[in-house]
Amino acid sequence: MCDQTFLAIVFGPCDRCSREKPLRPVYIKSEQLSYCSICVEMMATEGLHENETLASLKNEAESLKGKLEEERAKLHDVELHQVAERVEALGQFVMKTRRTLKGHGNKVLCMDWCKDKRRIVSSSQDGKVIVWDSFTTNKEHAVTMPCTWVMACAYAPSGCAIACGGLDNKCSVYPLTFDKNENMAAKKKSVAMHTNYLSACSFTNSDMQILTASGDGTCALWDVESGQLLQSFHGHGADVLCLDLAPSETGNTFVSGGCDKKAMVWDMRSGQCIQSFETHDSDINSVRYYPSGDAFASGSDDATCRLYDLRADREVAIYSKESIIFGASSVDFSLSGRLLFAGYNDYTINVWDVLKGSRVSILFGHENRVSTLRVSPDGTAFCSGSWDHTLRIWA
Amino acid sequence: MAVSASLAHGIHILECLRGASQGTGTLQALSLGHPPLARVSSALSHLPDSVSVPMKYGISEEEALHLGNLLVKHGYIYPLKDPRSLVLRADESPYRFQTPYFWTSTKWPATELDYGTYDPGRDTAQRRRPQDNYNLLHKRINHTWDFVVMQAREAAKQRRKGDRIVIDCQEQAYWLVNRPPVRTGLCVAPGGDGAGCTALAGRVMGRDECPGAGPWAKASPCRYLKFNEQYVPHDPIMSGCLPSNPWITDDTTVATPTKLRVERWAFGFSELLTDPLGRAQLLDFLKKEFSAENLSFWEACEGLRYGEQSRIVPIPRQFLAPGATRWVNIDSKTMERTLEGIKTPHRYVMDDAQMHIYMLMKKDSYPRFLKSEHCHSLNTAKKKLHRELGRKKDLLC
């Protein structure tokens, strides 16, 4: 009944050997070609010179990485937590669940706040996308997507539309109407087309552009009106799981994290990767920019959250504890950047002191893993969604 | 030629040139726009016979440029027009000799001590709080504090304005060589292989505008502390919010624009623009100053960047054409480039002009707005709450 599509297999003439075979996309010098599987193997070994084997090249790559880390360390001055010693410690933190949003029939996978600081859009595994007025806990709109596992949803900056996508490999935009009789699904607009599941999406500064991340290892920038691909970003070696846009007014960059343990910073205009960080031990589930825009935090399946500084080009803090062994699925900063809220797969939310690197508080309440977490635009509260079918607002 | 040998030659040349230029008093004369290349090669060919220096006079232009470049990179000559870029340009831009006190050949270690008496914040528009810098410095060089204070006193002595400017330029050039900003590819490794360091330091760090990212870019942790201090009072979870957190008390009455909100506009130009109320206030202010077209132009360019292509059509007619009603003040080079670009329009064709106008507003209108806006808000705020600030108001307005 649902039109789920998985990896689309294209059949046609290979760009290299011209035989009719199933094709795979291959990128040579940023140009996309389609090769058959035999030619892919040939091409991979073609680049080797004499006396070079794959093993020796791998070793060379590892040693170069080591040298890069050494050089990075030379430019390093002093540790963040050392400097933070002169900042006062935070007192006891009391945060409670102030609202519980019930209505999803299955695991809540993603949520986003509206700029009006009270509306929320959330999506779940059963294909339902619901827009709530979280203050009154009323549901304002509900859409049923034709696919299950809607892993990404986003609110438009104007508050007039939402975008969502998942296993259907597409990102669809629904304009929000206030006419109760009108069927929202009728006005749906398909914007993005990927070759694998959609893992994250976000509007840029306006309603007209969407940035998406997908399981096919790429991110892409789309024009909503025409559905045209404006820019694509290749570089991740595996599924891209998350992305976040830089907060600056003149900002043109975004960061993405993937299953290849890398977090990469991209320039939206040129499509180039500007910086990349590879210190996590496992998939990066969530990335979020620090409010000033010159650092970002990442949460990963290796049970740690890390803070990366863009100007110093290195990791500056690790937030981990021996008692935490489950992966972090979602992270967000408080408005001042002093607190980092992280939702974990052990059903808890840990609140970290960003500067000192210590845990301030641990919040219990969810009955299954926390899958998504966002701080409200005015910083007064944050919302967490979980596999226990509910969303909670904490303040 | 090995670097050290060429430097030795360079030092000889410099001493000859300085000797030939009638002494240190006319350093300013040397800096008057004569092409440095011509100067170097002509000086080389007119060296006084009394100077018996074992070297060839006839050197090719290419080599002269390379040698000159090395001299600039190592801090013997410094450019006047673009002080942060230590390269020798083969054009009319003026250069000045560095005083021998600061020559790299003296091999004085550029220590924290010396850096302590030099205040890098002096020449940047954004002033950090002097107390923080002071405290940090005190902590780091506590053991030689008396010496530092003595040196600082010496440096702060009143000198003639001309001399002070020259000394400032010299100091700045010296610290640019010895504490190069992390982001640039200027890293001259003291002795040894400079190539590795330059290649890595030259990595593209992204197109963010970062004012005053000089030597302090290395001290990145301090930036976090500063940001933290500035923003924590505005963080509702950390410091509460007025009148109360709506999620806790179920009270949705929104407080009228508080002093806190107005304070936040002073943190940075982007804060002012992102707050709709702030943007409206800025527009009112600009209207009074007859420069409202700047903000309108910026908004139109933003619309083009994020919206449909057709939005570009009204922009040249309204803002860029010579007799336009809302003509924006852009320099001729940028205007030329933009008009060229409009012939093949795309989403980012207005970027240069937009950035120019953004910087213009940020550096010019924004500071004036802050000074005047404070007056304005103080007038409307409750007198008993702002009695203390009222005293400041009398001074400002």
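**Entry 1: conventions**

I worked with a predicted model, in which local features need pLDDT of at least 70 and side-chain atom pairs count only at pLDDT 80 or more, while totals for chains, interfaces and linings use all residues. Residues are numbered from 1 along each chain as its sequence is written, chains are lettered from A and ligands numbered from 1 in the order in which they are written, and side-chain values use heavy atoms, with hydrogens and water left out.

**Entry 2: the interface**

I looked up how many residues of each chain meet. B:Tyr224, B:Trp247 and B:Tyr306 supply 19% of the area that chain B buries against chain A, more than any other three residues.

I then noted the polar side of the interface. Between chain B and chain A there are 4 salt bridges (a side-chain nitrogen of Lys or Arg within 4 Å of a carboxyl oxygen of Asp or Glu). I also noted 9 residue pairs in polar contact between the chains, both residues at pLDDT 80 or more. A polar contact is a pair of N or O atoms within 3.5 Å; within protein, one must be able to donate a hydrogen and the other to accept it, and residues adjacent in sequence count only if both atoms are side-chain atoms.

**Entry 3: salt bridges**

I counted 22 salt bridges over all chains. A:Lys65 pairs with A:Glu278, the closest N and O atoms being 3.8 Å apart. This pair links distant parts of the chain, 213 residues apart: A:Lys65 is in helix α2 (residues 54–74) and A:Glu278 in the loop between β20 (273–277) and β21 (284–289). A:Lys65 is partly exposed at 41% relative accessibility, and A:Glu278 is partly exposed at 40%; buried means under 20% relative accessible area, exposed over 50%, partly exposed in between (1.4 Å probe, protein chains only).

B:Asp250 forms a salt bridge with A:Arg99, with the closest N and O atoms 2.9 Å apart. The pair crosses between chains, from the loop between α12 and α13 of chain B to strand β4 (residues 97–102) of chain A. B:Asp250 is partly exposed at 49%, whereas A:Arg99 is buried at 11%.

In chain A, A:Arg306 bridges to A:Glu315 at 3.1 Å between the closest N and O atoms, and both residues are buried. They belong to a network of salt bridges that links A:Asp281, A:Asp302, A:Arg306 and A:Glu315.

**Entry 4: nonpolar cores**

Of its 31 residues, B:Phe269, B:Leu282, B:Phe297, B:Leu320 and B:Met350 touch the most other members. The largest share of this core, 7 residues, comes from α19(B). Not counting residues up to four places away in sequence, B:Leu320 touches residues including B:Phe297, B:Trp327, B:Ile342 and B:Met350. Apart from this core lies another, of 28 residues, among them A:Ala84, A:Cys305, A:Ile324 and B:Tyr231.

A:Ser300 is in strand β22 (residues 295–300) and is buried, at 0% relative accessible area. Beyond neighbours within four places in sequence, its contacts include A:His280, A:Asp283 and A:Gly327.

A:Thr372 is in strand β29 (residues 370–375) and is buried at 6%. Leaving aside neighbours within four places in sequence, A:Thr372 is in contact with residues including A:Leu109, A:Ser330 and A:Cys383.

Methods. Buried area = accessible area lost by both parts, 1.4 Å probe. Helix = DSSP H or I, 4+ residues; strand = E, 2+ residues; numbered from the N terminus. Contact = heavy atoms within 4.5 Å. Core = buried A, V, L, I, M, F, W, Y, C linked by side-chain atoms within 4.5 Å.
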